[in-house]
Amino acid sequence: MKAIVLHERGPDGVRCEKFAEPERPAGFAKVRMLAASVNRVDLYMRDSGAGITHTLPLVMGVDGVGEVAEADADSGLQPGDRVILYPYEFCGRCRHCLAGDQPLCTSARILGEHRHGTFAECVALPARSCVKLKKETDPVEAAVLGVAYLTAWRMVFGKAPAGPGSVVLIQGGGGGVAYAAMQLARMAGARVIVTTSGADKLAHFAALGVEVIDYRAEEVGKAVMRLTGGEGADLVVDNVGEKTWASSLKSMARGGHLVTCGATTGAHPSADIQRLFVRQLSVHGSTMGSLEEFRKLVAAYEAGGFKPYIDSTLSLDEVPQAFARLEDPARMGKIAIRIA
Ligand SMILES: [Zn+2]
């Protein structure tokens with residue numbers, strides 16, 4: 001089969017080539033891939049991969065949609081079923097799995113990180129990680145949900161759920177997770193404020209009717225207080241990291257919550273402990289979501305609750321170009337990969 005394989009670190013270590021098709025152990029489904037999408041974590045795997053147990057060569061790619069080719073008779077899956085892949089292989093027996101929180105599974109393996117991934121014509125993964133889609137669902141559009149939208153779902157609806165009456169601040173609104181969080185918070189009826197820069201992005205959010213702060217023109221904390229009459233944001237979604245941390249803390253309402261899922265600009269900002277306890281702020285870490293959250297996300301999407309925003313769609317051979325686009329500051333939303 002054709003696959004995008006990482007042989008060594010760095011952009012030159014990524015090759016599109018023939019790779020052995022995976023075996024299907026009992027309990028697994030074999031899926032012919034239709035589409036996938038690129039994520040920041042792919043760049044992390046390409047350039048470092050530190051802290052993630054894996055061996056090279058590795059088929060890259062974390063999320064995707066395909067069609068079942070083979071599955072056990074009692075799996076609930078039939079050949080031809082269209083499925084979206086839950087990015088985790090989980091044990092189903094540890095206390096976190098039993099509590100329904102698979103991302104905390106002590107032996108979880110993520111596609112394209114700990115094991116072979118989705119930038120391939122064929123993937124084998126546990127049948128329980130395949131979630132059925134409707135026949136008429138567009139595979140390319142759905143393929144961007146797996147990582148970015150699932151991560152955003154838990155950030156928006158997890159520890160401090162957004163809803164009518166709450167103010168949600170989203171830092172760096174053009175990123176895949178941030179854009180998804182903006183859409184999900186709006187779907188929930190929250191008031192959404194986005195920070196971004198550049199005339200195109202500012203105009204894009206303004207046209208959607210989202211309140212937008214140009215972080216190059218105005219200090220974000222002050223702007224949020226100005227917009228909210230000094231109240232601040234109940235929930236701050238921040239995956240930018242060191243660069244936005246201080247302004248995120250300064251934007252929070254008393255008793256507010258900050259959720260982080262990434263540290264693209266650095267991982268060690270000042271903690272501002274005094275502000276944390278005086279204003280009784282909460283900081284939460286978040287990584288993807290549970291299988292149940294994934295089912296809810298897919299149901300909300302198929303019911304028309306939101307439409308994923310796709311920057312561009314490239315072919316499997318063009319994954320290296322998709323990685324370059326991912327790092328382009330002009331990129332907004334998700335980059336999809338059409339496989340078949
Ligand atoms: Zn487990």
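Into which domains is the protein chain divided? In this predicted model, domain 1 covers 2-146 + 289-338, and domain 2 covers 159-285. The centres of the two domains, taken over C-alpha atoms, are separated by 28 Å. Nine residues of domain 1 and ten residues of domain 2 make up the contact.

Helix α4 spans residues 145-157. Its 13 residues place the end C-alpha atoms only 16 Å apart. A straight helix, at 1.5 Å a residue, would reach 18 Å, and α4 falls short of that span. The helix is also mostly covered, with 13 of its 13 residues buried. Burial here requires 20 or more other C-beta atoms within 10 Å of a residue's own.

The model also contains an open sheet of three strands. The strand order is β2-β1-β4, and the pairing is antiparallel. Strand β1 comprises residues 2-6 and is joined to β2 by five bridges. These two strands run antiparallel. Within this pairing, I4 stands opposite C16 of β2. The edges of the sheet are held by β2 (14-18) and β4 (58-59). Each edge strand has a single partner strand, so one side of each lacks a neighbour in the sheet.

Note on methods: Residues are numbered from 1 along each chain as its sequence is written. This is a predicted model: local features need pLDDT of at least 70, side-chain atom pairs count only at pLDDT 80 or more; totals for chains, interfaces and linings use all residues. Domain bounds come from an automatic or database domain assignment. Two residues are in contact if their C-beta atoms, placed from the backbone, lie within 7 Å. Helices (H or I, at least four residues) and strands (E, at least two) are DSSP runs, numbered from the N terminus. The expected span of a helix is 1.5 Å times one less than its number of residues. A residue is buried if 20 or more other C-beta atoms lie within 10 Å of its own, exposed if 12 or fewer, and partly exposed in between; C-beta atoms are placed from the backbone. Two strands pair if DSSP finds at least two bridges between them.
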